[in-house]
Amino acid sequence: MGTVSFIRRLMTLVLLAALQIFFFNRIALFGYATPLFYIWMIARFDSSMSRSGILLWAFFLGLVIDVFSGTPGLNSASATLLAMFQPGLVKLFVSMDRHDVLVPGSDSMGGRPFAGYLLLMATIHHTVYFILRSIPLGDWTVLVLKVVFSVVMTFILMTVAEHSFSNTGSKRS
């Protein structure tokens, strides 16, 4: 990984962690929905990254959020687990004949496959996060509502961010 790539990832980590800590963690729509938008960084890791690199970046992203949010290990565990599945999930939504470096996005994957990919990423992460957060498991209805509403909010935010920062989004402007 080059210095520019490292600095870009570090700046993304700091920006997403700050957004999550100071803005998104304060949202509790209807008492259930809290967007965990920081997973967008994990969803956008390119195919040239090593598995250990993906796991380390995700762990440190989650750790920074845990330290400043008072959630001991919840974000780092959920983010690391999501990072473990990320390369396989990309392959699930992209044809297997691709050998070039792929940065998951609507431009490289297509709109529908990328939307499915984001939805599955958010569902996996949020399910793990809210199960860990609600141990001992009490009311399953509340748990399911938190997961579903948070997935929807996070998915919408990631879709808007993708549209705002993608190449096709900038061509339309």
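Author: Let me begin with what is meant by a helix here: helices are DSSP runs of H or I with at least four residues, numbered from the N terminus. The model is a predicted one, and in it leucine 63 belongs to helix 3, which spans residues 51-69.

Reader: Why is leucine 63 called partly exposed?

Author: The relative accessible area of leucine 63 is 31%. Buried would require under 20% and exposed over 50%, with partly exposed in between, and therefore leucine 63, at 31%, is partly exposed.

Reader: What makes Leu56, Phe59, Phe60, Leu63, Val67 and Phe68 a patch?

Author: Patches are made of residues with over 30% relative accessible area and no salt bridge, and nonpolar side chains are joined within 5 Å. Leucine 63, at 31%, passes the area cut-off, and together with Leu56, Phe59, Phe60, Val67 and Phe68 it forms a nonpolar surface patch with about 580 Å² of accessible area.

Reader: How do you know that helix 1 and helix 3 meet, and which residues are involved?

Author: Contact means heavy atoms within 4.5 Å, and Phe6, Arg9, Leu10, Leu13, Ala17, Gln20 and Ile21 of helix 1 meet Trp57, Phe60, Leu61, Val64, Ile65, Phe68 and Ser69 of helix 3. The axes of helix 1, which covers residues 3-22, and helix 3 come within 10 Å and cross at roughly 30 degrees, and the crossing is right-handed.

Reader: What makes arginine 9 and aspartate 46 a salt bridge?

Author: Side chains of opposite charge can pair when their charged atoms come close. The rule asks for a side-chain nitrogen of Lys or Arg within 4 Å of a carboxyl oxygen of Asp or Glu; the closest N and O atoms of arginine 9 and aspartate 46 are 3.0 Å apart, so the pair qualifies. This pair links distant parts of the chain, with arginine 9 in helix 1 and aspartate 46, 37 residues away, in the loop between helix 2 (39-43) and helix 3. Both arginine 9 and aspartate 46 are buried.

Reader: How many salt bridges are there by this rule, and which residue forms one with arginine 44?

Author: The count comes to 2 salt bridges, and glutamate 162 is the partner of arginine 44, with the closest N and O atoms 3.0 Å apart. Glutamate 162 lies in helix 7 and arginine 44 in the loop between helix 2 and helix 3, so this pair ties together parts 118 residues apart in sequence.

Reader: Why is glycine 70 called exposed?

Author: Glycine 70, in the loop between helix 3 and helix 4 (74-93), has 59% relative accessibility, which is over 50%, and therefore glycine 70 counts as exposed.

Reader: What does leucine 157 contact beyond its neighbours within four places in sequence?

Author: Leucine 157, which is found in helix 7, is in contact with Phe24, Pro35 and Phe37 when those neighbours are left aside. Its relative accessibility is 26%, so leucine 157 counts as partly exposed.

Methods
Residues are numbered from 1 along each chain as its sequence is written. This is a predicted model: local features need pLDDT of at least 70, side-chain atom pairs count only at pLDDT 80 or more; totals for chains, interfaces and linings use all residues. Side-chain values use heavy atoms; hydrogens and water are left out. Patches are made of residues with over 30% relative accessible area and no salt bridge: like charges are joined within 9 Å, nonpolar side chains (Val, Leu, Ile, Met, Phe, Trp, Tyr) within 5 Å. Accessible areas come from the Shrake-Rupley method with a 1.4 Å probe; for residues, only the protein chains shown count as cover. Helices (H or I, at least four residues) and strands (E, at least two) are DSSP runs, numbered from the N terminus. Buried means under 20% relative accessible area, exposed over 50%, partly exposed in between (1.4 Å probe, protein chains only). Axes are lines fitted to C-alpha atoms, for helices over the stretch in contact, and angles run from 0 to 180 degrees between N-to-C directions. A crossing is left-handed if the near helix is turned anticlockwise from the far one by less than a right angle, and right-handed if clockwise.
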